Amino acid sequence: MNQVRRGYLYGLGAYTLWGFFPLYIRLLKPAGPIEILAHRVVWSVVFVALLLAVLRNWGFLRELRHRPGKLAGIGLAATLIAVNWGAYIYGVNSERVVETALGYFINPLVVVLLGVTVLRERLRTAQWAALGIGGVAVGVLTVDYGRLPYIALTLAASFGGYSLVKKRLGLPAAEGMFIESAALTLPALGYLGWLSWRAESSFGQVSAGHTVLLMLAGAATAIPLLMFAGAANRLPLTALGMLQYLAPILQLAFGVLLFHEPMPPARLAGFGLVWLALVVFTVDAIRNVRRSRAALLSATPEPAAATAAR
């Protein structure tokens, strides 16, 4: 199997697992959103620590001790991913799976917006058009919901910010996830201990199956992330960008078809505008990549011409 095909399999696996995540989160009731988040943090540390122990890859910890700037960046990344996880768990368990799907649909547009505001990137006309359509979509959905779709916006903003910080840090997936989860472990353990002291913890109290599912939260978090890293190392960015829509499509389908969440005409119109913005954004990205490749090929001398020049 060649590396590109392997990359597609990793990418499909990662986004499919993320797409099915609402089903897993629902199984963790009656645990509350913060308790689920705390278990997700703690068991992620355990799972990745075991993985790193098998790989015998702990050298990165020595390097980080002498890089306080990178440690601060990891702290920021940990905070952003905790906000993202918490908002997602709350959205799923408050029967707003459709709104969580919206968050991941608009995430690419938020990433582009961060590129303008934080990295001072210049946008092409089509990218500005996509952002404008996305803004109109948020307005339509605000009217439909009677409020800002704050869960969707929180998910998009937190994951967009997390992606930006991670890009600057440049840590490998397993090592980065271990440090980020470790930074959150003390607060997570403190909260779980407080729940136990108040006799409000669901861990070990509901059923053996429920306890095992809470413990598997670490593996459920780490495995798709590691698969995503494998895909990112093997696929072009445009291919990865197309695959990322698989997860919110699955989440939206579960929200409407399985959990029977409402999808009135106004909400459907808002989603339609988001999808239109994504079509504009994706088509422009594909065209830009093709233009860049064509320019690179035209700038590369033909072998015969190169030989004649020598």
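A: The account below begins with conventions, then turns to helix packing and ends with the cores.

The model is predicted, and local features therefore need pLDDT of at least 70 while side-chain atom pairs count only at pLDDT 80 or more, although totals for chains, interfaces and linings use all residues. Residues are numbered from 1 along each chain as its sequence is written, and side-chain values use heavy atoms, with hydrogens and water left out.

The helix in question is H6, which spans 97–117; helices here are DSSP runs (H or I, at least four residues), numbered from the N terminus. The axes of H6 and H8 come within 7 Å and cross at roughly 45°, where an axis is a line fitted to C-alpha atoms over the stretch in contact and angles run from 0 to 180 degrees between N-to-C directions. The two helices are therefore oblique to each other, a class left for angles that are neither under 35 degrees (roughly parallel), nor over 145 (roughly antiparallel), nor 65 to 115 (roughly perpendicular). The crossing of H6 with H8 is right-handed, meaning that the near helix is turned clockwise from the far one by less than a right angle.

On the H6 side the contact (heavy atoms within 4.5 Å) includes Thr100, Leu102, Tyr104 and Ile106, and on the H8 side Tyr150, Leu153 and Phe159 are among the residues involved. By class, this contact holds 14 nonpolar, 5 polar and 1 charged residues, with Pro counted as nonpolar and Gly as polar.

H6 also packs against H5, at an angle of about 145° and with the axes 7 Å apart, and here the crossing is left-handed. Asn84, Tyr88, Gly91 and Val92 of H5 meet Val97, Thr100 and Tyr104 of H6, a contact of 4 nonpolar, 3 polar and no charged residues.

Tyr88 leads on to the largest nonpolar core, of 43 residues, where Tyr88, Ile25, Val48 and Phe178 touch the most other members; such a core is a set of buried Ala, Val, Leu, Ile, Met, Phe, Trp, Tyr and Cys residues joined through side-chain atoms within 4.5 Å, and buried means under 20% relative accessible area (1.4 Å probe, protein chains only). Among the elements that give two or more residues to this core are H5, H6 and H8, and the largest share, 11 residues, comes from H5. A second, separate core of 26 residues includes Leu102 and Ile106, together with Val274 and Ala277.

Notes:
Buried < 20%, exposed > 50% of the residue type's maximum accessible area, 1.4 Å probe, protein only.
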